[in-house]
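Good morning, and thank you for making time for this presentation.

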There are 2 protein chains.
Amino acid sequence: MASSAVSYARENQQRFLGELKNFLRIPSISTLEEHKSDVQKAADFVASELRRIGMENVEIIPTKGHPLIYADWLHAAGKPTVLMYAHYDVQPPDPLDEWLSPPFEPTERNNNIYARGAVDDKGQLWMEVKALEALMKAGGGKLPLNVKVIIEGEEEVGGESIAEYVRKQKTKLKADFALVCDTELFAPDLPTLCVGLRGLVYTELEAVGPKTDLHSGMYGGAAPNPFFGLIEIISKLKDSKGKVLIPGFYKDVKAPTKDELKAWKRLPFKDEAFRKAEVGSSVLTGEKEYPTLYRLWARPTVEVHGMPGGFTAPGAKTVIPAKAAAKVSMRMVPNQDPDDILKKYTAYVKKLTPKGIETKIKVWSKGPACVVGTDNRYIKAATEALHDTFKKDTVFIRSGGSIPIVTDFQDFRMC
Amino acid sequence: MASSAVSYARENQQRFLGELKNFLRIPSISTLEEHKSDVQKAADFVASELRRIGMENVEIIPTKGHPLIYADWLHAAGKPTVLMYAHYDVQPPDPLDEWLSPPFEPTERNNNIYARGAVDDKGQLWMEVKALEALMKAGGGKLPLNVKVIIEGEEEVGGESIAEYVRKQKTKLKADFALVCDTELFAPDLPTLCVGLRGLVYTELEAVGPKTDLHSGMYGGAAPNPFFGLIEIISKLKDSKGKVLIPGFYKDVKAPTKDELKAWKRLPFKDEAFRKAEVGSSVLTGEKEYPTLYRLWARPTVEVHGMPGGFTAPGAKTVIPAKAAAKVSMRMVPNQDPDDILKKYTAYVKKLTPKGIETKIKVWSKGPACVVGTDNRYIKAATEALHDTFKKDTVFIRSGGSIPIVTDFQDFRMC
């Protein structure tokens, strides 16, 4: 049956691609209030396709934020149950002038589709839906195992609603394993299973100096500047060699196994090619004593993503702003506990905060790392299925990214 | 004659105030395109009053931006010539909900007039015009010295048009001294002359790391982050005690005279009142070894005004941006040379720039400090005139701010 499903998918590939492009045209940017109706539109688009291909109990579940989509098909008695996950929301597309083609007008170049969300995560989501369609067709309206689908629209903004839903609906969502389609093939045509993710603590570090914006001519030299406060703090979070300086930060870090490290060394990866083709900087940075993939997949880091506040338009305005902030995130690895790290970070920031400045930390999202053993029976089954299709051995990778819901799945023994 | 001019002014005070209020009702906000016609209206208002009181050669001079106003009266043979400056444009009034009375409906409270522009600079401008009127009336249609008036409508937006005009019209504007009415009385009823301004070098420090925006999950730990590059550099521009660390930065700094410092100590100024009422921070910062007014008026500083780039909207986006920037300015004091300081700053930034990051410096504005000796003959004459009216000694202050046009006046020996 699998091979006839594959044939069906091959025969219908052009239609599948056309549908995916329509999906990509919906600017479902979850973080921007003005795109709220587009996010709803993307949810409707997915739910209506799940209904059309024969999935049952399809629901669009309202939340405090953006809707969840649930669907199932549970008639394969005695077979395992999979919980399939993906997300239909995307990141903002700015800066717009760096796109070669418009972010919401999918364009094919170099055998790729370029559009915001094409690989994160609409392409993978549509692949899941189309796999269900193909298996359903090949099975005469039946699937070879029990399937529950849960799809969210807040992955890019912390995934709070799905986390709440998963905690409340443990029975409804109970499954034998979870399939999280939000990662990548390591190289074209190389069957890949991602078995590990870094965790994430994403904060906004807010600093207040004077009570109102001041003129730097009249007050510069006596009024505390919140930007200097932030810079003083952040310059001490990480040293120039990439080592995080928060006391106790590395204490619980668990290294990958020797087998994993050996396998990573065999992957088709060259620092120099990665630097040139992907990063495009003059050098790679970070802890020199760890190989690049090790740093990316299994070492924790600190980054700054933006510093809102003050004057940012072209030109000159001599303001000492009352407030400024920094978006500071930390990637976690096994076995770091996000709450523990947040506590250490908060205490350290407090200690570093200079006189005249008040700091406050807002937490935008928080989740631990997650790693699955490659001897897991569903990982083995997936490996065999991939071999059937690709005729190649699967490589096991991790991802440096974070998918918060994976932790929740893990918490009720699905990962 | 001066005293009869003062009498005339006292007799006509209510009319003068009524006219000023009409002037304040015109929302001449130079930075907002939708107020362009109001800015023009304010120019017409001033020009027509200059004509009415007997000034000659009154011109409204169109520019690329908002118009300049010129007027003169040059019949005092053998007497000095003054160039009088003010501006008729104002800042935007937002945030509107913090006004106790509407910004463009002048209201008297606590013996003050509250309206946008009342003290910056329409009040001072109208005082200049009314002084000319009173002197003209008292002198039977004649002024006691030669007067040239130049008034601009772009002071709040960089003052480009007047700078261009002044450079081109050196002969037309030639004078023995310039009277710049855009500063304050240090306290009510305290005759004050501002005899010094700090200079300014305002730069945009741009940093580039990766060639495109990267996801911090996929690349964090190996890709250089331009925000960390900027933070590493800026954290070394100034230490936590307010000392600027750019090598050679203080080399040419000329301290105020002992007389000046003594005079500043006698001014009605209390650190604690200034901190609470004006700055509103928990402490005042900066070089502790210098008193506050000394720091504000006669010590150079470095400030950061904003850090454009990356993700700054509410929420979380895990981006390592390709580019980020910092608006970094330096206030100059006598005898620092802005070009020399810019050279030292540029060399130091280059030295501090970490591997993987490229930096570039854009200069938004650049002008030296300007201080006039209190033994200057026009300063002395002004002091005597102030004593006649206030029956008090004049205090000499400086301002920590910069008025770009003052440098242009100075360049052709008017200051």
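Which residues in helix 2 of chain A meet which residues in helix 4 of chain A? Before I answer, please note that this is a predicted model. On the side of helix 2 of chain A, the residues are A:Phe16, A:Glu19, A:Leu20, A:Phe23 and A:Leu24. Their counterparts in helix 4 of chain A are A:Ala118, A:Lys122, A:Gly123, A:Trp126 and A:Lys130.

Helix 2 of chain A spans residues 13-24, helix 4 of chain A spans residues 118-138, and the two pack at an angle of about 135° with their axes 10 Å apart. Because of that angle, helix 2 of chain A is oblique to helix 4 of chain A. The crossing of these two helices of chain A is right-handed.

I move next to chain B. There, helix 2 (residues 13-24) and helix 4 (residues 118-138) pack at about 135°, and their axes are 10 Å apart. This makes helix 2 of chain B oblique to helix 4 of chain B. Their crossing is right-handed. Among the residues of helix 2 of chain B that take part are B:Phe16 and B:Leu20, and those of helix 4 of chain B include B:Gly123 and B:Trp126. This contact in chain B divides into six nonpolar, one polar and three charged residues.

How are the two chains related to each other?

We come now to the interface. How many residues of chain A are in contact with chain B? There are 74 of them, and they touch 69 residues of chain B. Several elements of chain A each supply at least two residues to this side, including helix 8 (226-234), helix 11 (292-298), strand 13 (323-332) and strand 14 (358-367). The largest share, nine residues, comes from strand 11 of chain A. In composition, this side of chain A has 27 nonpolar, 35 polar and twelve charged residues. Of the interface residues of chain A, 92% are also interface residues in chain B, so the copies meet through the same surface.

Strand 11 of chain A is joined by three bridges to strand 11 of chain B (residues 301-310), and the two run antiparallel. Within this pairing, A:Met307 stands opposite B:Met307.

Finally, I would direct you to a sheet in chain B. This open sheet has three strands in the order 15-8-16, with mixed pairing. Strand 15 (370-371) and strand 16 (395-399) of chain B stand at the edges with a single partner strand each, so one side of each is left without a neighbour in the sheet. Strand 8 of chain B, residues 192-197, pairs with strand 15 of chain B in the antiparallel sense over two bridges. In that pairing, B:Leu197 stands opposite B:Cys370.

That concludes my presentation, and I thank you for your attention.

Notes
Residues numbered from 1 in each chain as written. Chains lettered and ligands numbered in written order. Predicted model: local features only at pLDDT ≥ 70, side-chain atom pairs only at ≥ 80, totals over all residues. Axes fitted to C-alpha atoms, helices over the stretch in contact; angles between N-to-C directions. Helix = DSSP H or I, 4+ residues; strand = E, 2+ residues; numbered from the N terminus. Parallel < 35°, antiparallel > 145°, perpendicular 65-115°, else oblique. Left-handed = near helix turned anticlockwise from the far one by under 90°. Contact = placed C-beta atoms within 7 Å. Nonpolar A, V, L, I, M, F, W, Y, C, P; charged D, E, K, R; others polar. Pairing = 2+ DSSP bridges.
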